[in-house]
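Hi,

Here is the structure I promised to pass on.

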Amino acid sequence: MIRNVLSIAGSDPSGGAGIQADLKAFSARGVYGMAALTALTAQNTQGVSGVHPVPPQFVAEQIKAIFADVRVDAVKIGMIANAAIAEAVADALAPHRGVPIVLDPVMIAKGGAALLAADAVDVLTSRLLPLATVLTPNLPEAAALLHEPVAETRQTMARQAEALAKLGPLAVLVKGGHLAGDRSPDVLASPEGLTWFEASRVPTKNTHGTGCTLSSALAAEIAKGSALTDAVTIAKHYLAGAVAAAGTLSVGTGHGPVQHFYELWPHRKG
């Protein structure tokens, strides 16, 4: 049976991140993707120039319409934009506690633009973190949620993962892509303890949408029934391949997108 996964996130018209990346990752991982939009953005590979939030009640209406008709096997939450939308999403998902939720706290774009209003951080923490099966922050996002400096060592990464787990999510995967060095380690804090996932850093500027892609691939694997550590391993391996093949695309002049369909499309440069 093909599993159904719902993404609740913002739109990226350049196709590399947000809802567009989520749907590509869902398809590449063999699940049926659905989408409830939280915001429209004006962006490309060079950055974000505008954000237009969807009215909170309409965000909730989209989510309710899906659950009223479709079996949802997992949910991925990405860009929330503001506190009112965070409240609306939490209220809409509250009746569906049995559905796994991967929460990617999208807060800052690659180019530095804020994608989450300052007043939304507390609502995100108090309302959405307790609903999450897995929280997937990068280092700046983990620091912002904890109101701490950005981790610069593995020890601090691990401590922050454990601190975030105490705020309500069943598990926390802190992504180490911003860590200095030639490795890109992630650490998972779960009821079983700490688990490290290692990977070599791929030398490329084409990393637009990596966080969206990883969290979506993780949601897909959880929906298919993989145990959490297995799901993380598979999702991280998939993302590494997508980043490594990013050079086969020719999209934009800034931080280009990853190649979501590297296993399906011919590997051609340009």
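This is a predicted model: local features need pLDDT of at least 70, side-chain atom pairs count only at pLDDT 80 or more; totals for chains, interfaces and linings use all residues.

Numbering starts from 1 along each chain as its sequence is written, and side-chain values use heavy atoms, with hydrogens and water left out.

Helices (H or I, at least four residues) and strands (E, at least two) are DSSP runs, numbered from the N terminus, and two strands pair if DSSP finds at least two bridges between them. S1 (residues 4-11) pairs with S2 (residues 32-44) in the parallel sense, over eight bridges. Ala9 has Leu37 in S2 as its bridge partner. To get from S1 to S2 the chain goes through helix H1 (residues 18-28), a right-handed β-α-β crossover (with the strands pointing away from you, the path from the first strand over the helix to the second runs clockwise).

S2 also runs antiparallel to S3 (residues 47-53), joined by six bridges, and Leu40 sits opposite His52. Two residues separate S2 and S3 in this hairpin.

Now the cores: sets of buried Ala, Val, Leu, Ile, Met, Phe, Trp, Tyr and Cys residues joined through side-chain atoms within 4.5 Å, buried being under 20% relative accessible area (1.4 Å probe, protein chains only). The largest has 53 residues, with Val75, Ile77, Val89, Leu93 and Leu128 making the most contacts inside it. Helix H3 (residues 83-93) gives the most to this core, eight residues. Apart from it lies another core of 30 residues, including Leu188 and Tyr238.

Cheers

Notes. Buried means under 20% relative accessible area, exposed over 50%, partly exposed in between (1.4 Å probe, protein chains only).
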